[in-house]
Amino acid sequence: MITVVEAPAFATIQDQGWPGLRGAGMPVSGAMDPWALAAANRMVGNPEAAAGIEWALTAGRLRVDRQATVAICGPGLEVRHAVEPGQELELPRPTGGRFLYLGVAGGFDVPATLGSRSTYLAAGLGHVIKTGDRFPIGTLRGAEPMTPAGRPDYGSRVVRVVEGPQRHLFSHGEWKKFLESEWKVSRASDRMGYRLEGGVALKAPAADLPSEATCVGAIQIPPDGYPIVLMADGPTVGGYPKLAVVITVDLPILSQRQPGEAVRLSAATIAEAQSALYSSRSTRTSAEPPEL
Amino acid sequence: MTGARVTPLGDRALTVTWEGSVAVAHPLVRAAAARLEVARLPFVQDLVPAYTTLSIFFDPLDHDYSAVSSRVLDLIQGLEPAARASGREVVIPVVYHGPDLTDVARQTGLREAEVVSRHSARIYEVYLVGFAPGWAYLGDLDPSLVLPRRAAPRQRVPAGSVAIAGGQTGVYPFAIPGGWHLIGRTDTVMFDAARQEPALLRVGDRVRFESRT
């Protein structure tokens, strides 16, 4: 059992979410930095898909009632501890980024709903962790604990994007403005979406689009011209034009940016996005060449 | 296949867009979604049919974009529009005492009873599920009931509120912010995570609202 002695300001249980329920309107949800949670799990020998604690803003403390191996992972921090029964474990305040992740060998044995243990507050699934909460440690068996690899370039301020489905509704000049602006992550940013500000407002097309699927990392341009990047809990559909989409390997770089921090967007092709993804994974597994 | 365009939606999804009005494109969307469901392609993680588009999500570690898009394009060759929404018919009982009913009557110049009878007379089609889990965009509304959204959205619309806006109607599955006009209330649960298929409605289903007192 893990007892929360002092809850961080915002902590939730997350895993890799619900990737197959967008058709029912359910966002993928799950970890904002899927790499860091997967890495924490790998460091304790769990499957990458195991649940862990995601926290933000402040420090916290936990106590375990039996011997356990835990790992804490995030930008600039990758540590593993053996914790003795009754010992308290500090969850440090995230300083190198916005979120940190705790994995415990065996996983968090909280009930799964529709195949995921993630917290999705809008649908009443899970809750914000509070002091006094107790979580059973599971019996997951994975492989040997491994050192994480394929780490995102957290120190980079450049996030790569591919052209979005409505790129053609924007002029070449607007696209250049989008890529040349120095954007800042706004304070109005949460698990649903990050607003970008500080650059030059883009001229949004007047076209009234019927709503269609969005995705995590989609960059919408609302009428005020300031981009909104949809994040883990973002809506599955929307009517704003999607000028670009953040590539999968660079999502953690963006999600770990604190409000006020600068980002630049740089254009990539789909082929570049996919080869970056293969090479980040191939350092962990012997990836088969893609085929149908 | 004519008038369809395929664009990447990031590096793990693509969107097929059909040209033309919703009336022309949506039956093709439904037909394409049905064909992809039957084909049970192992790389498909998720399908999101919408008004004029169908989005296909795939696992980018197993399959690359160009392979997926050419396979999808092959499959939707020679598509015939699905003649009629082929889904289930779902009846949703409604108590028409919503906080905006009087206002809707005033703005449309109809009597309240007339708003109710026109709203409950139609069989609506599910065009899109999304925005919130279980939220279904239903259309088309009787033209006499078409109003723009409320000028000031509410911070919290209660779950089960039956609402209209533009040419559409729908039921709020959870208490969320919203700018639609609330004309009634239902006990029908639109999203239940304990169900195998959590969303009550799917694209292609037909929905009728039945007035209860």
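Two residues are in contact if their C-beta atoms, placed from the backbone, lie within 7 Å. The model is predicted: local features need pLDDT of at least 70, side-chain atom pairs count only at pLDDT 80 or more, and totals for chains, interfaces and linings use all residues. Residues are numbered from 1 along each chain as its sequence is written, and chains are lettered from A, with ligands numbered from 1, in the order in which they are written.

**View 1. Surroundings of B:Thr7.** B:Thr7 lies in strand β1 of chain B; helices (H or I, at least four residues) and strands (E, at least two) are DSSP runs, numbered from the N terminus. Leaving aside neighbours within four places in sequence, B:Thr7 is in contact with B:Leu14, B:Thr15 and B:Thr17, and with A:Pro165 of chain A. The C-alpha atoms of B:Thr7 and B:Thr17 are separated by 8.0 Å, the two residues being 10 apart along the chain. B:Thr7 has 19 other C-beta atoms within 10 Å and is therefore partly exposed; a residue is buried at 20 or more such atoms, exposed at 12 or fewer, and partly exposed in between.

**View 2. The side of chain B that touches chain A.** Here 43 residues of chain B are in contact with 35 residues of chain A. Elements of chain B that give two or more residues to this side include β1 (4-8), β2 (13-18) and α2 (65-75). The largest share, 4 residues, comes from β3(B). By class, this side has 27 nonpolar, 10 polar and 6 charged residues; Ala, Val, Leu, Ile, Met, Phe, Trp, Tyr, Cys and Pro count as nonpolar, Asp, Glu, Lys and Arg as charged, and the others, Gly among them, as polar.

**View 3. The largest nonpolar core around A:Ala40.** A nonpolar core is a set of buried Ala, Val, Leu, Ile, Met, Phe, Trp, Tyr and Cys residues joined through C-beta atoms within 7 Å. The largest one has 137 residues, and A:Ala40, A:Tyr101 and A:Val161 have the most contacts inside it. Helix α1 (residues 34-43) of chain A gives the most to this core, 7 residues. Not counting residues up to four places away in sequence, the residues that A:Ala40 touches include A:Gly52, A:Cys73 and A:Tyr101.

**View 4. An open sheet in chain A.** Its 4 strands follow the order β7-β4-β1-β9, with antiparallel pairing; two strands pair if DSSP finds at least two bridges between them. β7 (88-91) and β9 (134-135) of chain A each have a single partner strand, so one side of each is left without a neighbour in the sheet. Strand β4 (residues 60-64) of chain A is joined to β7(A) by 4 bridges. A:Arg63 stands opposite A:Glu88 in β7(A).
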